[in-house]
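The exercises below ask the reader to work from the sequence and the coordinates together. Each task is followed by a solution that goes step by step.

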Amino acid sequence: MQAVLELVLPTGVPGLVIVLLIISSILTSALTASMGIGGGVLLLAIMALVMPPAAIIPVHGMVQFGSNANRALMTIRHINWRVILWFLPGVIIGAWLASLFLVDLPLPLVQLWIAGFILLLCWGPAIPKVATGRAGTMIAATFTTFVSLFVGATGPLVAAFIKQQQEGERLSTVATFAAAMSLQHAPKAIVYGAAGFVFGEWLGLILLMIAAGALGTWAGLHLLKRISDQRFGLIFNLLLTLLALRLIWQAASSWW
């Protein structure tokens with residue numbers, strides 16, 4: 001049994017860390033499924049504490065791909081497919097551009113941009129219908145996909161955008177967001193694989209975290225059905241605001 005575990009799990013990662021990551025996958029998936037947002041960023045913060053820096057973004061991207069795909073399948077009848085139809089081309093363009101420009105972006109500045117957009121979408125006036133239409137959706141997908149391949153923190157921005165599109169209806173917001181993020185995380189395997197990251201060394205842990213996340217998603221969706229749209233919208237905006245403030249704090253801390 002020990003030999004099998006050593007074969008499928010990454011070398012050099014303590015067993016307690018692996019257990020922590022699996023439990024974290026359950027809890028953060030439940031959080032996102034029930035509240036619509038927050039789990040991915042929380043999981044990223046946990047992984048940053050216990051994993052090698054070079055593995056954080058690619059492994060997190062694959063785990064989030066599996067978690068969002070599970071959530072999309074469980075809520076498939078609530079997905080707004082017209083949004084996804086125009087989100088997909090933007091994902092492809094954004095990933096292609098990122099593969100051409102694998103450079104270090106000014107992280108604090110990007111964090112402040114993302115935080116500003118999140119706060120505007122949550123608490124500012126409703127954005128014009130044209131901005132959430134076909135062209136706006138494709139532009140948003142292109143921008144967020146490009147940035148996500150470098151900073152891994154655009155989920156809250158996509159969530160705020162999708163919430164405005166779906167006018168706060170909780171099930172369509174969660175379902176459409178899950179489908180959109182599944183598309184956005186998928187190219188990370190190609191981009192980081194081409195850049196030399198060896199996914200095979202982490203595949204066992206990735207699959208275990210995805211399986212654990214499915215359990216958390218199932219539990220979280222049952223809780224979501226008990227929440228009204230109004231309460232969901234308030235909690236959703238508050239969580240997004242906290243995530244935006246966290247980005248502002250991180251940006252400010254890097255300049256001190």
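According to the unreviewed UniProt entry, the annotation "transmembrane region" covers residues 7-31, 37-63, 83-103, 109-127, 139-162, 202-221 and 233-252; positions from UniProt are given in the numbering used here, feature names are shortened, and annotations may be inferred rather than shown by experiment. The model is predicted, with local features needing pLDDT of at least 70 and side-chain atom pairs counting only at pLDDT 80 or more, while totals for chains, interfaces and linings use all residues. Residues are numbered from 1 along each chain as its sequence is written, and side-chain values use heavy atoms, with hydrogens and water left out.

**Exercise 1. Describe the chain over two of the annotated spans, residues 37-63 and residues 202-221.**

Step 1. Helices (H or I, at least four residues) and strands (E, at least two) are DSSP runs, numbered from the N terminus.
Step 2. Residues 37-63 are 85% helix and 0% strand, and the end C-alpha atoms of this span lie 15 Å apart.
Step 3. Over residues 202-221 the chain is 95% helix and 0% strand, with 28 Å between the end C-alpha atoms.

**Exercise 2. Characterise the cavities of 30 Å³ or more.**

Step 1. A cavity is found on a 1 Å grid over the protein atoms alone, as a set of points where a 1.4 Å probe fits but cannot get out, and its lining residues have an atom within 4 Å of a point. Grid points are joined across faces, edges and corners, and a volume is the space filled by probe spheres set on the points.
Step 2. By this rule, the count comes to two cavities of 30 Å³ or more.
Step 3. The largest cavity has a volume of about 180 Å³, and of the 21 residues that line it, Gly40, Val41, Gln64, Gly155 and Met181 are the closest to its centre. Helices α3 (39-50), α4 (53-74), α8 (155-165) and α9 (170-185) each supply at least two residues of this lining.
Step 4. For the classes, Ala, Val, Leu, Ile, Met, Phe, Trp, Tyr, Cys and Pro count as nonpolar, Asp, Glu, Lys and Arg as charged, and the others, Gly among them, as polar. The lining of the largest cavity then has six nonpolar, 13 polar and two charged residues.
Step 5. The second largest cavity, with a volume of about 50 Å³, has a lining that includes Ser25, Thr28, Gly40, Gln64 and Arg71. To this lining α2 (15-35), α3 and α4 each supply at least two residues, and its residues divide into two nonpolar, eight polar and one charged.

**Exercise 3. Examine α8 and the loop that lies between α8 and α9.**

Step 1. Helix α8 is mostly covered, since eleven of its eleven residues are buried, among them Gly155, Phe161 and Lys163.
Step 2. Gln166 is found in the loop between α8 and α9, and counts as buried because its relative accessibility is 11%.
Step 3. Not counting residues up to four places away in sequence, Gln166 touches Asn80, Val83, Ser172, Thr173 and Thr176.

**Exercise 4. Identify the residues with the most contacts inside the largest nonpolar core.**

Step 1. A nonpolar core is a set of buried Ala, Val, Leu, Ile, Met, Phe, Trp, Tyr and Cys residues joined through side-chain atoms within 4.5 Å.
Step 2. The largest such core has 69 residues, and those with the most contacts inside it are Met51, Val59, Ile118, Trp202, Ile206 and Leu240. Helix α9 gives the most to this core, with eight residues.
Step 3. Met51 touches Leu21, Ile56, Val59 and Trp202, not counting residues up to four places away in sequence.

Conventions: 1 Å grid on protein atoms, 1.4 Å probe; cavity = no way out; pocket = protein on both sides within 12 Å on 5 of 7 lines; lining within 4 Å. Buried < 20%, exposed > 50% of the residue type's maximum accessible area, 1.4 Å probe, protein only. Contact = heavy atoms within 4.5 Å.
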